[in-house]
Amino acid sequence: MASNGTANGNASIKLEICHDDSVPPVKAQTIDQLHSLQKKKPSAPTTPKKQQGTDGLFSSAISDQERQQQQLQSISASLASLTRETGPKVVKGDPSARKAEAPKAPVPHHHHHLTAPVVPISDSALKFTHILYNLSPSELYEQAIKYEKGSFISSSGALATLSGAKTGRSPRDKRVVRDGSNEDDLWWGKGSPNIEMDEHTFMVNRERAVDYLNSLDKVYVNDQFLNWDPEHRIKVRIVSARAYHSLFMHNMCIRPTEEELENYGTPDFTIYNAGQFPCNRYTHYMTSSTSIDLHLARREMVILGTQYAGEMKKGLFSLMHYLMPKRQILSLHSGCNMGKGGDVALFFGLSGTGKTTLSTDQNRYLIGDDEHCWSDNGVSNIEGGCYAKCIDLSREKEPEIWNAIKFGTVLENVVFDEHTREVDYTDKSVTENTRAAYPIEYIPNAKIPCVGPHPKNVILLSCDAFGVLPPVSKLNLAQTMYHFISGYTALVAGTVEGVKEPTATFSACFGAAFIMLHPTKYAAMLAEKMQKHGATAWLVNTGWSAGSYGTGNRIKLAYTRKIIDAIHSGSLLEANYTKTEVFGLEIPTAVEGVPSEILDPINMWADKQAYKDTLLKLAGLFRNNFDGFANYDIGKDSTLTEQILAAGPIF
């Protein structure tokens, strides 16, 4: 949720640059201390309600009782520990609502993949675990408010809740099982987000998570989908300990109809989210009490020691970054929208570059804000919802997001008035990484189903705080791959502790934390699809002009929107172009509605030598970053690699 603001050079303007969701834990020792951060001084609450339904697609001849039994048997198998012969009997419904009832007859417990000696009997055989299966938002609200301290209905009707000490992702605690099935496929080593672990350690953590979930009176189970393209849809099951997590995933994944659930069958991937229950820090590979573990061969993910819901969303995104390329489908960390005439645009950009703001356009249909696939069928959204940053959110700046925060939406770690429950989006008491998760249909111009034809334009967004990149430039194919692999933006002073001047940030493929293969694999697929379908790439700077941060001005959002409009309309293709020094970027000499003098950044710098020095400094940072990819051949020979290297800055 980034806004370019006005260009006046005032360094005190609040900026939203690179608010990543990997953040330090909250310094609170108890839930009461954490809860105290959430509430402001009191100042009579209202809770507007609105519920949306779905349409059925399939029909089934089996009875409700048979279907429920099949569901419970499937969930029972998911929750089966691999080293326990017996476990809790799985029954449906909330135990708190059934105190007067006798326990129902247990469902037969199915087991699979027994790999260790079994114990003939244990106390767990006497226990019942109640399954709260695919509850509605209303039911999950009741569960959260009843049983989860720190959960409240905000004045807009959204569920405000706390994620505990972890208010962002823990990338250093994420592990991937390295085995024979992926040894040669995945990206390992320097720069890679894939920190390895062995299968035995994964199974230890899986056992710990499953045992914890089985010890609870009730667990929440979501059966949902990923990818709106029906040909490449993935079935996912999420088993969690918190109603908040269940509602979050209800919003973020694609919601099946009742008829689709009847034919759901066995999931393709399962998440075991034990939430606050920690891993054993003495277990091999563990570096803290948090562990997020991905086993690609087993199609399972285990979460221990963190309640931040984004771990589930991004874990599934990592899965798709592995599964989809195997089907020759490109997985993308991008926004996506479509014009009334069917022209599709992809928006790549790190946090704070304007990806959400620019892809959410009232004149175009929103296909999705964050995660997409590009297949032979066109583009499709991976998710069923949006996960927007809320810091400094206002109705004026982003009305679509503001209006989407209503009944059914999850608000994470926000601060609100204790009496009115009105949220103060400027308050960072709990964290700067405040978030809202809502179904995509809460955006009025969302395209349902979230699919579209092949993209016409690929837009790479960069917030250049050095002030030397042009507001817009047209890229050739080699330049597209170079800048896609680089994934550049810049932090500015004040957004991260200790940052005193603009600092370059590079994230391969504009999402290095989530990719599984080497970045060049995704870049080569992008180039192939762009060539095949005739897409044009653009580099758009939403950052500074007339100087670096502190001396220059932020490029006006109105100018950036005019540039994006010219890209969508096709008029920018007809412009005259000149080439810049060092980076060799093709820049237009005129764009309707944009002052022509700002299009070439050197025009706006009073000190031309300072511009050249800063340009060379940034070019050097690009070159140093790309050294890590220079020795990796793309394709059958080194020709394409050489072309990409030649597309970088020339000194």
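Tutor: Happy to! Helices here are DSSP runs of H or I with at least four residues, strands are runs of E with at least two, and both are numbered from the N terminus. Keep in mind that this is a predicted model.

Let's take helix H12, which covers residues 557–569. Along H12, the buried residues are Leu557, Thr560, Ile563, Ile564, Ala566, Ile567 and His568. Their cover includes helix H8 (355–359). Strands contribute as well, among them E13 (330–338), E14 (344–348), E24 (455–462), E25 (472–475) and E28 (536–541). Just after H12 comes Gly570, with a positive phi of about 90 degrees.

Asn134 is not a glycine, yet its phi is positive, about 45 degrees. You will find Asn134 in the loop between strand E3 (128–133) and helix H3 (137–147). Its relative accessibility is 25%, so Asn134 counts as partly exposed.

Arg299, also not a glycine, has a positive phi of about 55 degrees. The loop that holds Arg299 runs between strand E11 (291–295) and strand E12 (300–304). Arg299 is partly exposed, at a relative accessible area of 33%.

One more spot involves a peptide bond: Ile448 and Pro449 are joined in cis, with omega about -5 degrees. Pro449 sits in the loop between strand E22 (435–439) and strand E23 (451–452).

Key. Residues are numbered from 1 along each chain as its sequence is written. This is a predicted model: local features need pLDDT of at least 70, side-chain atom pairs count only at pLDDT 80 or more; totals for chains, interfaces and linings use all residues. Side-chain values use heavy atoms; hydrogens and water are left out. The expected span of a helix is 1.5 Å times one less than its number of residues. Buried means under 20% relative accessible area, exposed over 50%, partly exposed in between (1.4 Å probe, protein chains only). Contact means heavy atoms within 4.5 Å.
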